[in-house]
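Here are a few notes to read alongside the model.

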Amino acid sequence: MKKICLIDIIGAHYRFPIYAEMNKVFGCDFYLGDKTKDEIKQLAYDKLPGFKKRLHNVFLHNFYWQCGALKLIFQPYKYYILNGEPYCLSSWAMLICGKLFGKKTISWAHGWYGRETAIKRIIKKMYFSLFDKLMIYNEYAIRLMEREGFNRHDMFCIANSLDSDREKMLRNSLSETDIYKSYFNNDNPTIIYCGRIQQRKKLDLLLEAMRIMKQRNLSVNAVFVGKDVDNVSIPQIASNLGIGENVWMYGACYDDKKLAEFFYNASACVSPGNIGLTAIHSLSFGCPCITHNNFAHQMPEFETILPGKTGDFFEYDSAESLADVIEKWICLNSEQRDIVRKSCFAEIDRKWNIHYQIDVINKVING
């Protein structure tokens, strides 16, 4: 009997390394959806060891059904990992059938955010209570779920990861370069934003913070690595604020070697709206992260940030507070910056990597 069947709304590109390792270690089979409402880069399904079938997702407003998923509960798998929230109607059906047929079900999900309405709390309680075990992205969500009555013994922090082995290999070859000095023609410290350029990322706050710092006679550069998908028009905003010459719109980049150079040489990575996988990417290459302190409106990866060590938090929606926090991090000398790099590496190696995740999955199914 094969041990694990994993069903996901989609096979996100960044998940390839952990999925491939799961197949190698556990003999996991994958059934992955064909589309989502959001623009998410898919992994190459035909390249994934253990990939079995593409499931067709049918959307009904915010809910969806994965055609072909329900019949998998009758297949000879011992464990079913369902990656999704209560919006997946076919997962509800699988969970109920799983109870009837003695199948073990495991959630791989965000869990609680801390901003749930009363109705959503009731639905989530019902949904997650149907699982045998819960793999939740961070400890913050687990603590919230404990307060809702979930048993801590049944919850495991799965964290998250990118291509951690490759990133560690690249890390060992990094050194300081003049990438920013050669572009900006100045010696200002440079901060980086990396990710899709969207309104919800509140990048205007970063530009406003740069303006405030300039008024304090602290000029900084900022490089934006990512595609503008919302017509945010950063160059125009920067020009209006008088900091146009300090902004570099690099565009989208999928070359990890180039991204490693960007992160390693930056003073900090700033994501004023929320921070997700960017935090893991940034810390993997020794760059501390700065984001806001309203955790109910954060992504799970904010937990990689250890204040004063791997980054910091600023007051939610406050450009003044963001300027204050950035100022702390751009004033480090080379020795202090090297200590920060080592702290960033240590946090990734501690928890935010595929080997940690494999250990967690092993505990869940064999513990």
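1. The lining of the largest cavity has 8 nonpolar residues, 3 polar and no charged (Ala, Val, Leu, Ile, Met, Phe, Trp, Tyr, Cys and Pro count as nonpolar, Asp, Glu, Lys and Arg as charged, the others, Gly among them, as polar). Among the lining residues are His110, Trp112, Tyr140, Phe295 and Phe302. This cavity holds about 70 Å³ of space.

2. A word on provenance: this is a predicted model, where local features need pLDDT of at least 70, side-chain atom pairs count only at pLDDT 80 or more, and totals for chains, interfaces and linings use all residues. Numbering runs from 1 along each chain as its sequence is written, and side-chain values use heavy atoms, leaving out hydrogens and water.

3. For your own grid work: on a 1 Å grid over the protein atoms alone, a cavity is a set of points where a 1.4 Å probe fits but cannot get out, while a pocket is an open set with protein on both sides within 12 Å along at least five of seven lines; lining residues have an atom within 4 Å of a point. Points are joined across faces, edges and corners, and a volume is the space filled by probe spheres set on them.

4. Ile354, Gln357, Ile358, Val360, Ile361, Val364 and Ile365 are buried in H13 (under 20% relative accessible area, 1.4 Å probe, protein chains only). They sit on the same side of H13, because they cover an arc of only 160° around the axis (taken from the directions from the helix axis to the C-beta atoms).

How values were computed. Buried means under 20% relative accessible area, exposed over 50%, partly exposed in between (1.4 Å probe, protein chains only). Helices (H or I, at least four residues) and strands (E, at least two) are DSSP runs, numbered from the N terminus.
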